[in-house]
Structure formats: C-alpha cells, structure tokens
Amino acid sequence: MSSITADSNSAAAGRSTLRGVLVAFSAYAVFAFSDASIKILHGVVPSYQVAFLGALFGFAAVPFLKRREDAWLDMVNTSNRPMWLLRFICGAIGAICSVIAFTKLPMAEAFSLLFLLPSFVTILSVIFLKEDVRWQRWTAVILGFVGVLIVLRPGFRELSVGHFCAAVGGLAAAISIVINRALGSKEKRISLYGAGLFGTLIVSGFLMISEVTAPTATQWIFLASYGLLGALGNVLLMNAAHMAPANLVAPPQYSQMLWAIVFGYLLFNDSIDMPMAFGILLIIFSGLLTLARERKRGTPLPTAVAGNAQAAFATAQEDEPEAAKR
C-alpha cells in the first residue's frame with residue numbers, strides 16, 4: 001500500500017513539474033510579446049514615459065504576488081533600507097535601459113546583451129558575496145563575453161546607445177539578483193518587487209517631465225500590452241516556481257531568443273548573419289552552463305530576462321516548489 005502511495009505521489013510530483021516547466025515557457029513567451037510591444041512603438045513615445053507607464057501597469061501583478069500574511073505597506077518596508085534603495089535604483093536603471101535597448105536594437109541583438117546577466121551575477125557574487133567560483137563558471141563567463149564580441153564585432157560594426165543600454169540593463173538586473181541573494185529569506189518578495197516598481201515609477205516619472213507626449217489610441221494599446229503582459233509574465237513565472245524547482249524554471253528563459261528571432265524576421269525585417277548566430281549560441285551556452293553549475297552547487301538561480309526588469313523576483317527562492325511538498 002505504501003508503495004502505491006509513493007508511486008502516486010511521485011507521479012503527481014512529475015505532473016506538477018511538467019506543468020511548471022510548460023507554464024515557465026508560457027511566461028517567457030509573454031515576456032517576449034511584452035518586449036516586442038516596446039519595439040513596435042519605434043521610439044515615438046519617449047523611453048522614460050514607456051518605462052513609467054510600464055511600471056504603472058506593473059502594479060496589476062501585486063495582488064497575485066502578495067501573500068496572505070503580507071501587508072500592502074510591505075512593498076516599501078524592508079529589513080535593510082540601503083539594499084532596498086539600491087534595488088530601487090537598479091530597478092529604474094534596468095527598466096529604462098531595457099526600453100531603450102529594445103527601441104534601438106534588433107530584438108535578438110538586445111537579448112544577446114541582456115543574456116550576459118548570468119555572467120554578471122557570477123562576477124558580482126565573487127566580488128561582493130565572496131562566493132567560491134570554480135573554473136567551470138569562469139569558463140562560462142569567458143564564453144559569454146566572447147559571444148558578445150562576436151555579435152557586436154566592435155571596429156567592424158557601429159555601436160550605439162542601444163548596445164550600451166542593453167549591457168547596463170543586464171548589469172542592473174544582475175546587481176538586483178545579488179541583492180536578493182545577500183538578503184536571502186529576510187526580505188519579503190513583495191518588498192523586492194515594490195523596490196523595483198517604485199524605483200522605475202519615480203525615477204522615470206521625474207525624467208519624463210520635460211518631454212511627455214500624448215499617445216494615440218493605437219500606442220496606448222501597445223503601452224498597455226508592454227505593462228500588462230509584463231505583469232502577467234511575472235504571475236505565470238511565480239506559479240511556475242510553485243510547481244517546479246527553480247533549476248527547471250530558469251533555463252526556458254532562453255526560448256525568448258527564438259521569439260526574438262521570429263518577431264525580428266516577421267515584424268521588423270531584422271536579419272541575422274552566421275557570425276551573429278554563432279555568437280548568440282555561445283551566449284546561450286554560457287548561460288545554460290552557468291545555470292547547470294549553480295544548480296549543482298545549490299546556488300539560487302538567476303531568473304528571467306525581460307524588458308520590465310521585475311521578473312527576477314517572481315521566483316524568489318524563499319518559496320518551496322509545490323512539487324517538492326508532495
């Protein structure tokens with residue numbers, strides 16, 4: 001009888017894990033559609049205003065991220081105010097830079113730079129958290145930067161503010177993740193999410209004062225798509241983290257590159273040559289190698305790369321996957 005019960009529990013856990021992975025793929029697809037909405041605007045709405053409205057719509061995810069024991073004021077309450085303020089600043093920088101990157105660059109190229117996030121996390125974890133990083137993870141970091149050099153080919157291609165902003169956006173998200181690791185379970189997920197949300201809202205709101213435009217009805221649709229789909233992606237990713245372990249929820253984020261290539265080809269007439277394709281593959285391999293090494297060491301995994309810069313906290317490691325509870 002106990003054997004039958006164990007088999008039943010194992011099968012239920014397997015089904016939950018599979019559902020979690022499928023929901024994760026859905027979340028990353030939603031993030032890709034959200035990012036495509038930015039590019040469809042073609043920069044006709046100022047980037048600061050796009051980031052501001054995206055953060056405003058991002059509040060739609062809060063009721064789903066909030067736990068029963070959380071108070072609404074927990075969005076601004078914290079166990080470590082300096083770290084919260086740093087997350088506040090990084091949230092704003094990451095969101096604004098991501099919007100600029102997707103506005104100025106082909107989607108695949110923007111993602112290739114944003115996907116340096118795991119490499120940045122490794123470097124920052126060594127510097128600030130004194131993590132012991134072995135040669136395998138350093139190899140992944142080097143491969144990631146080699147891939148970026150192949151994609152960008154400095155000296156052979158003109159680099160723009162979009163390339164700079166994509167790299168800075170990835171770095172800002174990496175700092176946010178290192179903050180999450182440093183705080184551990186002491187900080188509530190809603191507080192981490194709130195820091196980035198309010199940071200983006202206040203900083204971009206201040207910066208956009210000098211150039212506010214009145215969006216057309218069509219532009220409002222894409223602005224709402226950017227913000228609401230970003231919020232939906234966070235909710236889906238949180239549910240995926242409840243159903244499956246983080247080491248299975250994180251890798252599907254690289255499916256966003258496939259969406260980027262498809263959108264680029266069908267909507268924006270983007271093209272990818274062989275060197276760029278090889279560089280992108282190197283970057284993806286670098287990220288997956290980092291995730292594999294961190295899974296083996298039991299290190300909290302970097303999570304989603306997305307234009308709204310909030311997804312890193314939808315799967316905060318304080319949650320125990322439901323699959324593991326069964």
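A nonpolar core is a set of buried Ala, Val, Leu, Ile, Met, Phe, Trp, Tyr and Cys residues joined through side-chain atoms within 4.5 Å. Buried means under 20% relative accessible area, exposed means over 50%, and partly exposed lies in between, with a 1.4 Å probe and protein chains only. Keep both terms in mind.

Now the ground rules. This is a predicted model, where local features need pLDDT of at least 70 and side-chain atom pairs count only at pLDDT 80 or more, while totals for chains, interfaces and linings use all residues. Residues are numbered from 1 along each chain as its sequence is written, and side-chain values use heavy atoms, leaving out hydrogens and water.

Let's start with the fold. The protein has 14 helices and zero strands. Helices (H or I, at least four residues) and strands (E, at least two) are DSSP runs, numbered from the N terminus. The protein has 326 residues, and 54% of them count as buried. Next, contacts, meaning heavy atoms within 4.5 Å. Take those between residues at least 6 apart in sequence: 89% join residues at least 24 apart.

On to the inside. Which residues have the most contacts inside the largest nonpolar core? They are Val50, Phe102, Met107, Phe111, Leu113, Met257 and Ile280, in a core of 62 residues. Look at valine 50. Leaving aside residues up to four places away in sequence, valine 50 touches Leu41, Val45, Val99, Leu223 and Tyr226. There is also a second, separate core of ten residues. Val23, Ala24, Ala244 and Val249 are among its members.

Helix H6 covers residues 117-128, twelve residues in all. From first C-alpha to last, H6 reaches 16 Å, close to the 16 Å expected at 1.5 Å a residue. That expected span is 1.5 Å times one less than the number of residues. Several residues of H6 are buried, including Leu117, Phe120, Val121 and Leu124. Here is a general point: an α-helix has 3.6 residues a turn, so residues three or four places apart point the same way. After H6 comes lysine 130, with a positive phi near 55 degrees.

Find histidine 42 in the loop between helix H1 (2-40) and helix H2 (47-58). Is histidine 42 buried or exposed? Histidine 42 is exposed, because its relative accessible area is 58%. For asparagine 269, phi is near 55 degrees too. Asparagine 269 sits in the loop between H12 and H13. It counts as exposed, at 71% relative accessibility.

Now the charges. Side chains of opposite charge can pair when their charged atoms come close. A salt bridge is a side-chain nitrogen of Lys or Arg within 4 Å of a carboxyl oxygen of Asp or Glu. How many salt bridges does the structure hold? It holds three.

Start with aspartate 70 and lysine 188, whose closest N and O atoms are 3.4 Å apart. Aspartate 70 lies in the loop between helix H3 (62-65) and helix H4 (81-104), and lysine 188 in the loop between helix H8 (161-183) and helix H9 (189-207), 118 residues apart. Aspartate 70 is buried at 8% relative accessibility, while lysine 188 is partly exposed at 34%.

Lysine 188 also forms a salt bridge with aspartate 74, at 2.9 Å from N to O. Aspartate 74 lies in the loop between H3 and H4, and lysine 188 in the loop between H8 and H9, so this pair ties together parts 114 residues apart in sequence. Aspartate 74 counts as buried, at 11% relative accessibility.

Then come arginine 153 and aspartate 273, which meet at 3.1 Å, N to O, in a salt bridge. Arginine 153 lies in the loop between helix H7 (135-152) and H8, and aspartate 273 in the loop between H12 and helix H13 (274-297), so the pair ties together parts 120 residues apart in sequence. Aspartate 273 is partly exposed, at 34% relative accessibility. As for shared partners, salt bridges join Asp70, Asp74 and Lys188 into one network.

Last stop: valine 262, in helix H12 (residues 255-267). Valine 262 is partly exposed, because its relative accessibility is 38%.
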